[in-house]
Amino acid sequence: MRFSINIPNFGDFADPRNVAKVAAAAEQAGWDGLFVWDHVLHRHHRGRPFGDPWMLLTAAALATSRIRLGTLLTPVPRYRPQQLARQVATLDHLSGGRVTFAAGLGGPVEDEYRTFGDTADPRLLAERLDEGLELLRSFWTGRPVNHHGRHYQAENVTLLPATVQQPGVWIGGFWPRRPPMRRAARWDGAVPLFETARHGHVPDVAEVRELAGYLREHRQGGSERPFELVLGGATPPDAAKAGDVIGPLRDAGATWWDERQIQTGPDLDRLPPVLRRTEAGPPVL
């Protein structure tokens, strides 16, 4: 099992220097990844400064040499695919092939889309997500791309350089909603939140076991590829006690644990408590 630190892209973490501090501490303490949020607007956190996640991850890449880096998660329908493809490929080259790409619709949908004159229809956004992911995968190859879809067009486009590696694509969504997890089964990993355990809260083992079974049932071609089930929440800084929390989730099918502050807690976007938890190191199983 692997372990990551999760931070928002606002508050103290709107400053790339603070993100670099956490990234360096995570690598030194033995964590396996650092993931940041990707929001342009979140009215629940109004009044805070926000940073661009790709700039924040650039700082993290320059401060590290080993850990995986990425967003959890990027709302693909909010981007133009060609722009997003360039950002991911540039970070992948800078980091030496350490990018993991997590995608979804994002949210709050009203804040991230309708506020800026875009649709908030989840069906249309889901269509753009699926089409955008396929287009990103094509752009990352560095080969010519001709794409004529409902939402995006590309006429004999070659975007160079290609990514160093084929970035693993993880898909987010709320369980027990089935469509996002069927989408995840077609890619490389699932990053679920749970209706009964929101961001920062440890999910129920029985629900994790049910979800893992559902994902196995819906895995399609290429099922020989490694598939990640990424869970998250807040655990005690004592590594052994944290391991007691996560051990049953690993046994239920989880392959990553993403350490997160409670979303409504006062420490969510503050550097000192996050840095202390990071320096304490990952759980011991």
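Modeller: Asn-9 lies in the loop between β1 (2-7) and α1 (16-29), where helices (H or I, at least four residues) and strands (E, at least two) are DSSP runs, numbered from the N terminus. This is a predicted model, in which local features need pLDDT of at least 70 and side-chain atom pairs count only at pLDDT 80 or more, while totals for chains, interfaces and linings use all residues. Residues are numbered from 1 along each chain as its sequence is written, and side-chain values use heavy atoms, with hydrogens and water left out.

Colleague: Does Asn-9 count as buried or exposed?

Modeller: Buried means under 20% relative accessible area, exposed over 50%, and partly exposed in between (1.4 Å probe, protein chains only). Because its relative accessibility is 0%, Asn-9 counts as buried.

Colleague: Which residue has its backbone oxygen 2.9 Å from a polar atom of the Asn-9 side chain?

Modeller: Contact means heavy atoms within 4.5 Å. Leaving aside neighbours within four places in sequence, Asn-9 is in contact with residues including Trp-37, Asp-38, His-39 and Pro-53. The backbone oxygen that lies 2.9 Å from a polar atom of the Asn-9 side chain belongs to His-39.

Colleague: What is the order of the strands in the open sheet?

Modeller: Two strands pair if DSSP finds at least two bridges between them. The open sheet has nine strands with parallel pairing, in the order β3-β2-β1-β11-β10-β9-β8-β5-β4.

Colleague: Which are the edge strands?

Modeller: Each edge strand pairs on one side only. The edge strands are β3 (68-71) and β4.

Colleague: Through which helix does the chain cross from β2 to β3?

Modeller: A crossover is right-handed if, with the strands pointing away from the viewer, the path from the first strand over the helix to the second runs clockwise. The β-α-β crossover from β2 to β3 is right-handed. The chain passes through residues 53-62, helix α2.

Colleague: How many residues of β5 (residues 100-104) are buried?

Modeller: In a regular strand the side chains alternate between the two faces of the sheet. Thr-100, Ala-102 and Gly-104 point one way from β5 and Phe-101 and Ala-103 the other way, and all are buried. Strand β5 is thus mostly covered, the number of buried residues being five of its five.

Colleague: At what angle to β5 does helix α5 (residues 122-139) run?

Modeller: Axes are lines fitted to C-alpha atoms, for helices over the stretch in contact, and angles run from 0 to 180 degrees between N-to-C directions. Helix α5 lies across β5 and β8, and its angle to β5 is about 160 degrees.

Colleague: Which residues have the most contacts inside the largest nonpolar core?

Modeller: A nonpolar core is a set of buried Ala, Val, Leu, Ile, Met, Phe, Trp, Tyr and Cys residues joined through side-chain atoms within 4.5 Å. The largest has 63 residues, and those with the most contacts inside it are Leu-34, Phe-101 and Leu-133.

Colleague: How many residues lie between β6 (residues 145-148) and β7 (residues 153-157) in their hairpin?

Modeller: Three bridges join β6 to β7, which run antiparallel. The bridge partner of His-148 in β7 is Gln-153. Between the two strands of the hairpin, the number of residues is four.

Conventions: A polar contact is a pair of N or O atoms within 3.5 Å; within protein, one must be able to donate a hydrogen and the other to accept it, and residues adjacent in sequence count only if both atoms are side-chain atoms.
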